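Here are my notes for you, written as numbered points. Keep the structure open while you read, and look up each part as you come to it.

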Amino acid sequence: MNTTEQLNLFGSTTESKPETKPQTKEAFGRLDSNSTLHDRLLKYCRLRPGEIWEEPTMGHRVGVLDVIDIESLYTIADGSKPSLFVNDPPYNVVVGNVNTKSLSKNELSDYIYFSKTWVENCMAIMPENAHFYIWLGADVRDDFQPLPDFMIMMRGIQELSPRNFITLRNQRGYGTQKNWMWVRQELLHYIRGNPSFSVVYTDIPKILRGYYKNINGKRTENLDRGKSKNIRPGNVWVDVQQVFYRAKENVPGCYAQKPLKAIERIIATSSNEGDTVLDCFAHSGTTLLAGERLGRRVLTFDIDPVFAELTIRRLEHYRKTGRTGWQWHNPFPEMEGSV
Ligand SMILES: C[S@@+](CC[C@H](N)C(=O)[O-])C[C@H]1O[C@@H](n2cnc3c(N)ncnc32)[C@H](O)[C@@H]1O
């Protein structure tokens, strides 16, 4: 196969010239929208639907399961009760003008039914005290669905109460010429019972002074009294880099990868070392890697065997090399030359 054919197979949209300098093009584009590539990768996936991979040291578990089936939750948990749930479901929007099976856009009522079902399935393995996070979006081109509809649906889940509503600010956005640039990603935070929470700080120094107070006859300001010289993240996060193909943590083929820093922040605040974390939408395996780095056990799955395989490989690659992703390189090196 010549270079042009190979790049086209890997999802590139541009014609290639023979390479004269190192390639910095992503090994492949969106896996969900390239069925030829996706189906070729299936033969390198160690799990079939319904199967679980178990990691012996930390007890992490990765499966190919459907969140809609309550048995999936019982299977992945295997009797354990995760105290932190970090879920990043498909947002019911068309991403990059391609409506695909993994990131599909459905009727809103179907999407809310899907959402209610998977949330209730999670409740079946939730202990009395737990954190429950959901990443979600609001499509301005479609009446802001599904975020408000999801929030209203959540009012019917009696055991969970709203705790916070976090916005992560992206650097890149869209709609800059005739509108405010759209740079937000939403993160809903619910709790069950009274789970513990740890304070964390950003790397951003406090720059505002003031809030004077007399303590033991001495005039102090907020900088003297604070526990850290840096600010807390609050519920608007402005210090998290988006993942793009040159980022060290990038996993080629994953179009919806969350930044490791954001997931680590959730895990650090909302769980303790040794706790079990559950993520029902593994994709590039960010939650698994974040849990590994912070000493938490992670249970995770994806309906698609290719994403479950990438999740497992990402952990293995990290343990072997210390790298958090592949940047633009191919996570399936055995494929090169054989296609
Ligand atoms: C938005 S992505 C998750 C991104 C992930 N947080 C990351 O950082 O890589 C959603 C994932 O959910 C998976 N998915 C879609 N429907 C599912 C279902 N019914 N059960 C389990 N996983 C599903 C998709 O295959 C996709 O990989």
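1. A residue counts as buried if 20 or more other C-beta atoms lie within 10 Å of its own, with the C-beta atoms placed from the backbone. With that in hand, look at helix H3 (residues 70–77), where Ser72, Leu73 and Ile76 are buried. Looking down the axis of H3, you'd find these buried residues within an arc of 100°, so they line one face of the helix.

2. What do the buried residues of H3 pack against? Their partners are E1, strand E2 (61–64), helix H4 (108–123) and strand E13 (297–302). Just after H3 comes Asp78, which takes a positive phi of about 50°.

3. Time to step back. Bear in mind that this is a predicted model. The protein chain has 9 helices and 13 strands. Out of its 339 residues, 36% count as buried. Now take the contacts between residues at least 6 apart in sequence: 69% of them join residues at least 24 apart.

4. On to the sheet. It is an open sheet of 9 strands, and their order is E1-E2-E13-E12-E3-E4-E8-E7-E11, with mixed pairing. Its edge strands are strand E1 (52–54) and E11, each pairing on one side only. As a reminder, strands of a sheet pair through backbone hydrogen bonds, either parallel or antiparallel.

5. Strand E3 (residues 84–87) and strand E12 (residues 276–279) run parallel and are joined by 2 bridges, with Phe85 opposite Leu278 in E12. E3 also runs parallel to E4, this time with 4 bridges, and Val86 has Tyr133 as its bridge partner in E4.

6. Are the faces of E3 covered or uncovered? Both are covered: Leu84 and Val86 are buried on one side, and Phe85 and Asn87 are buried on the other.

7. Next, follow the order to E7. Strand E7 (residues 161–174) and strand E8 (residues 182–192) run antiparallel, with 9 bridges between them; Leu168, for instance, has Gln185 in E8 as its bridge partner. E7 and strand E11 (residues 236–237) run parallel, joined by 2 bridges, and there Thr167 stands opposite Val236.

8. Which helix lies across several of these strands? Helix H7 (residues 260–270) lies across E3, strand E4 (130–136), E7, E11 and E12, and runs at about 165° to E3.

9. Why is Glu249 called buried? Because there are 22 other C-beta atoms within 10 Å, and the cut-off is 20 or more. Leaving out residues up to four places away in sequence, Glu249 touches Val243, Leu260, Thr324 and Gly325. Glu249 and Trp328 are 79 residues apart in sequence, yet 9.6 Å apart in space, C-alpha to C-alpha.

10. Last, the ligand. It is surrounded by 19 residues, the closest being Asp88, Phe281, His283, Ser284 and Thr286. Sorted by class, the shell around the ligand has 9 nonpolar, 5 polar and 5 charged residues.

Terms used
Residues are numbered from 1 along each chain as its sequence is written. This is a predicted model: local features need pLDDT of at least 70, side-chain atom pairs count only at pLDDT 80 or more; totals for chains, interfaces and linings use all residues. A residue is near a molecule or strand if its C-beta atom, placed from the backbone, lies within 6 Å of it. Ala, Val, Leu, Ile, Met, Phe, Trp, Tyr, Cys and Pro count as nonpolar, Asp, Glu, Lys and Arg as charged, and the others, Gly among them, as polar. Two strands pair if DSSP finds at least two bridges between them. A residue is buried if 20 or more other C-beta atoms lie within 10 Å of its own, exposed if 12 or fewer, and partly exposed in between; C-beta atoms are placed from the backbone. Two residues are in contact if their C-beta atoms, placed from the backbone, lie within 7 Å. Axes are lines fitted to C-alpha atoms, for helices over the stretch in contact, and angles run from 0 to 180 degrees between N-to-C directions. The arc is that of the directions from the helix axis to the C-beta atoms.
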